[in-house]
Amino acid sequence: PKPEGAFYLFPDARAYLGRATPAGQRLADDVALAAYLLDNGVAVVPGSGFGMPGFLRLSYATSDDNLRIAAERMAHALNNLG
């Protein structure tokens with residue numbers, strides 16, 4: 001049967017690639033960016049595993065409170081990139 005919908009987003013994260021973490025590590029690709037976000041309390045999946053390098057796969061199948069917390073953590077981590 002054809003699925004009626006999904007609960008994933010694939011935002012374009014290429015603007016963050018090549019930037020440096022506070023520790024000085026360069027984020028070479030979406031895999032490195034996903035690892036950096038995980039270190040900052042947010043689990044995402046690199047889009048390259050789905051044929052979308054430079055993108056991230058985010059699931060939104062959780063509560064609004066969890067989504068708010070994750071968005072705040074992501075914003076904080078991404079704003080700290082140099």
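## A charge over a ring

Arg-57 puts its charged end over the ring of Tyr-8, at 3.7 Å from the ring centre. The rule here asks for NZ of Lys or CZ of Arg within 6 Å of the ring centre and within 35 degrees of the ring normal. Arg-57 also turns up among the residues that Phe-50 touches, next to Phe-10 and Val-45, leaving aside residues up to four places away in sequence. Touching, or contact, means heavy atoms within 4.5 Å.

A word on the model: it is predicted, so local features need pLDDT of at least 70 and side-chain atom pairs count only at pLDDT 80 or more, while totals for chains, interfaces and linings use all residues. Numbering runs from 1 along each chain as its sequence is written, and side-chain values use heavy atoms, with hydrogens and water left out.

## The overall layout

The chain has two helices and three strands, and reading along the sequence gives β-α-β-β-α. Helices (H or I, at least four residues) and strands (E, at least two) are DSSP runs, numbered from the N terminus. The C-alpha trace spans about 45 × 30 × 15 Å along its principal axes.

Of the 82 residues, 27% count as buried. Buried means under 20% relative accessible area, exposed means over 50%, and partly exposed is what lies in between, using a 1.4 Å probe and protein chains only. Take the contacts in the chain with a separation of 6 or more: residues 24 or more positions apart account for 55% of them.

Rings of Phe, Tyr and Trp (its six-membered ring) pair if their centres lie within 6.5 Å; planes under 30 degrees apart count as stacked, over 60 as edge-to-face, and the rest as tilted. One of the pairs is Phe-10 with Phe-50, edge-to-face, at 5.7 Å centre to centre and 75° between the planes.

This pair ties together distant parts of the chain: Phe-10 is in the loop between strand S1 (8-9) and H1, and Phe-50 is in the loop between S2 and S3, 40 residues apart. Their C-alpha atoms are 9.9 Å apart. Phe-10 is partly exposed at 31% relative accessibility, and Phe-50 is partly exposed too, at 39%.

## The nonpolar core

The largest nonpolar core has 15 residues, and Leu-33, Tyr-36, Leu-37, Val-44 and Leu-56 have the most contacts inside it. A nonpolar core is a set of buried Ala, Val, Leu, Ile, Met, Phe, Trp, Tyr and Cys residues joined through side-chain atoms within 4.5 Å. Helix H1 (30-39), strand S3 (56-59) and helix H2 (64-79) each give two or more residues to this core. H1 gives the most, with five residues.

## Around H1

Ala-32 is in helix H1, and it is buried at 16% relative accessibility. Between Ala-32 and Pro-11, 21 residues apart in sequence, the C-alpha distance is 16 Å.

Val-31 also lies in helix H1, but counts as partly exposed, with a relative accessible area of 44%. Beyond residues up to four places away in sequence, Val-31 touches Pro-46 and Ser-48.

H2 has 16 residues and reaches 22 Å from first C-alpha to last, close to the expected 22 Å. That expected span is 1.5 Å times one less than the number of residues. Met-74, Ala-77 and Leu-78 are the buried residues of H2. They cover an arc of only 90° around the axis, so they sit on the same side of H2; the arc is that of the directions from the helix axis to the C-beta atoms.

The buried residues of H2 pack against H1 and S3. The face turned away from the buried side carries the exposed residues Asp-64, Glu-72, His-76 and Asn-79. Ala-75, also in helix H2, is partly exposed with a relative accessible area of 36%. Its C-alpha is 12 Å from that of Tyr-16, 59 residues apart along the chain.
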